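This report describes selected features of one protein chain. The sequence and structure come first, and the notes follow.

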Amino acid sequence: MLPFSPSFAMRDYQLQNILRHMPAGIATLLGPELRYGFVNEAMQVLLGAEGLEGQPLAEHTTLPTDLLDVLLEVYRTGKPYVVKGYGWPQTSGQAQEEPVMRYYDLALEPIQYEKEEERGLLLFAVDVTAQEEARQRAHHLALETRRLDARLRVLTETAPLVTFTVDAAGSYEYVSPQWYYYTGQPPTADLNAIWPLLIHPDDRLRVIYQSDAAREAGTGWSYEYRLRRHDGSYRWFLSRALPELHAAPDRPTHWHGAVTEVHDQRELADALRRGEAELRFLADSIPQLIWTATAEGLIEYYNQHTAAYSGMSPDELGPTGWVALLDPLEQAGAARRWVRSVATGENYEGLFRMRRHDGQYRWHIIRVRQLTDDRGPRWFGACTDVDDQYRLREVLQVQYDELARTNRDLDTFVYTASHDLKQPIYNLRGLFDELRRTATFDDPEQEQLLSMVDESLHQLDVTLHDLAATVQDQRQLAAPTELIELEHVLEEVLLGLRTQILDAQATITADFGAASTLLYGRANLRSVLHNMLSNALKFAHPERTPYIQLVSSLSETGSPRLVVQDNGLGLTLREDSTIDFQRFERQHPHVAGAGIGLYLVQRIVTSRGGHLEVESTVDEGTTFTIYWFE
């Protein structure tokens, strides 16, 4: 407890004046009531009042409650107390104004006057608001720094890469746990000793040299090398680091970096390079003019065959070289089409003559397609030499035209011959009938001979009629197609076969509900139905009434088909089940006919892209299935 003499304070006026004007707040509190004694100017501002001398603390105080309690306790115990950075709300005295928190270092010292029993307290307050706020800001910054550091550590230790820090001497100060997971090394391993040993021997010296050179130059580094895994295999990694500058701009103190596995990307890049080299080799080996162009249509690559064919280097060909190789009469039109394709992205295709290095023009098919990928649109073109095929096609076309003309001439001759021969047949028939009516023969085989002559005349007449029908049907093979109602065409055919149907007392049924229409040539369809029905009537079994059934349906692939079934004599089919009806081929010679009906049906169906299937049992009947289209 400090002694204090009032007589000394009165005599030392200069000291009291100094204390009154000190920036720190000073006040004395006397007696049990803690009456204000000496109060300097700074303390009056702090308390927000003047003229407090002699007033008890309890009657006039703006002290916080906790501070008042501490003052009473210090007075009671007589023990001094010091508090740092005490928060003391301050107001300017205006109504409804929020208090402003200020901070003070407080010292509470008990005092005892000489030769007097009255005791008191000395209150000393120093404003440390600026220091306390700075301390609090530093504290918050430290907390935020620790929080960010913890977050950064979590991020670096959970990312699929290895992070590290090395100093200026190249010693590792930190490495993330991923390094230990990958290498299988214990946490106690000496990084500076073991890390270089885990680098592939072929990469080790290069990596050490590049790291030392970067630290010496004060720059970062970026290189790839192979690092041994815990299972002994080596995988490619990318190491990148940047310097940290503190002491001076040109003297880095640390390097922070990351090691990222790029093994799969490296292998993919190698595979792409190999694939590109193989494709380039393939393009150079193809005997075609191969080239690629940018999105704007400017050629950036020619294969070797292009240079060999044109006799010009890629620089001489330029970005539009293939157009310059065309016939001068075709260049303008081809160029306009190419510009339009580049603008619209449409494929380009055309047949042009291209100049060879010896000046000869040869026919080429030029095809260009656009490919769009991550690198953007590009054009790929090929010029295929078809000169030999083109000239061969011209020769074949000439030969085809000659054959077609010859075929037409033959058809005309056969049709004319069959037509012209009909009149002599009619004459012979008339003479034979007159001869039978008026002449008599004394011959026991008279009836047999007359029957044979009659049969021969009838067979000759049928043959000439079928020849004419064959030629007529063959001319109609290329008849235009139309959507036809099967029922209508069947009615026309049945009307033409009415006499044969009545003579045979045949029953004919039709079910076209599943596929009632057919896109076909009308004349062709009529000929098919006529020949199928007339054959069924002609080759009916003599011991039963003919029954013919027609059913139209769709196959498993959705194509139309027609099934024609009869109960006639049947056919003897080949063992290999192949169907190939030939002209004039007959299985029942005792029945009159020329043997060309089924041949015509098969020819018409196959010429339209369909085929014919047959199932038959001799003496039971035959089922024909006509697949109009494959």
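Where does Leu34 lie? In this predicted model, Leu34 lies in the loop that runs between strand S2 (25–30) and strand S3 (35–39). The phi angle of Leu34 is near 55°, a positive value in a residue other than glycine. Most residues other than glycine have a negative phi. Leu34 has a relative accessible area of 1%, and buried means under 20%, so Leu34 counts as buried.

Gln505 also has a phi near 55°, again a positive value in a residue other than glycine. Gln505 is found in the loop between helix H17 (498–504) and strand S18 (507–511). Is Gln505 buried or exposed? With a relative accessible area of 61%, Gln505 is exposed, because exposed means over 50%.

**The chain as a whole**

The protein chain has 630 residues, of which 36% count as buried. Its secondary structure consists of 19 helices and 23 strands. Among contacts with a separation of 6 or more, 52% are made by residues 24 or more positions apart. The protein chain exposes about 37900 Å², and carbon and sulfur atoms supply 55% of that area.

**A helix pair**

Helix H16 (residues 486–496) packs against helix H18 (residues 522–538) at an angle of about 55°, and their axes are 9 Å apart. That angle makes H16 oblique to H18. The crossing of H16 past H18 is right-handed. On the H16 side, the contact is made by Leu486, Val489, Leu490, Glu492, Val493 and Leu494. H18 contributes Arg522, Leu525, Arg526, Leu529, His530 and Leu533. By class, the contact of H16 with H18 has eight nonpolar, one polar and three charged residues.

**Glu630**

Glu630 sits in the segment after strand S23 (621–627). At 64% relative accessibility, Glu630 counts as exposed, because the cut-off for exposed is over 50%. Which residues does Glu630 touch, not counting those up to four places away in sequence? They are Ser559, Gly609, Gly610 and His611. Thr557 is 73 residues from Glu630 along the chain, and the C-alpha atoms of Glu630 and Thr557 are separated by 9.1 Å.

Key: Residues numbered from 1 in each chain as written. Predicted model: local features only at pLDDT ≥ 70, side-chain atom pairs only at ≥ 80, totals over all residues. Heavy atoms only, no water. Helix = DSSP H or I, 4+ residues; strand = E, 2+ residues; numbered from the N terminus. Buried < 20%, exposed > 50% of the residue type's maximum accessible area, 1.4 Å probe, protein only. Contact = heavy atoms within 4.5 Å. Areas by Shrake-Rupley, 256 points an atom, 1.4 Å probe, with all protein chains shown as cover. Axes fitted to C-alpha atoms, helices over the stretch in contact; angles between N-to-C directions. Parallel < 35°, antiparallel > 145°, perpendicular 65-115°, else oblique. Left-handed = near helix turned anticlockwise from the far one by under 90°. Nonpolar A, V, L, I, M, F, W, Y, C, P; charged D, E, K, R; others polar.
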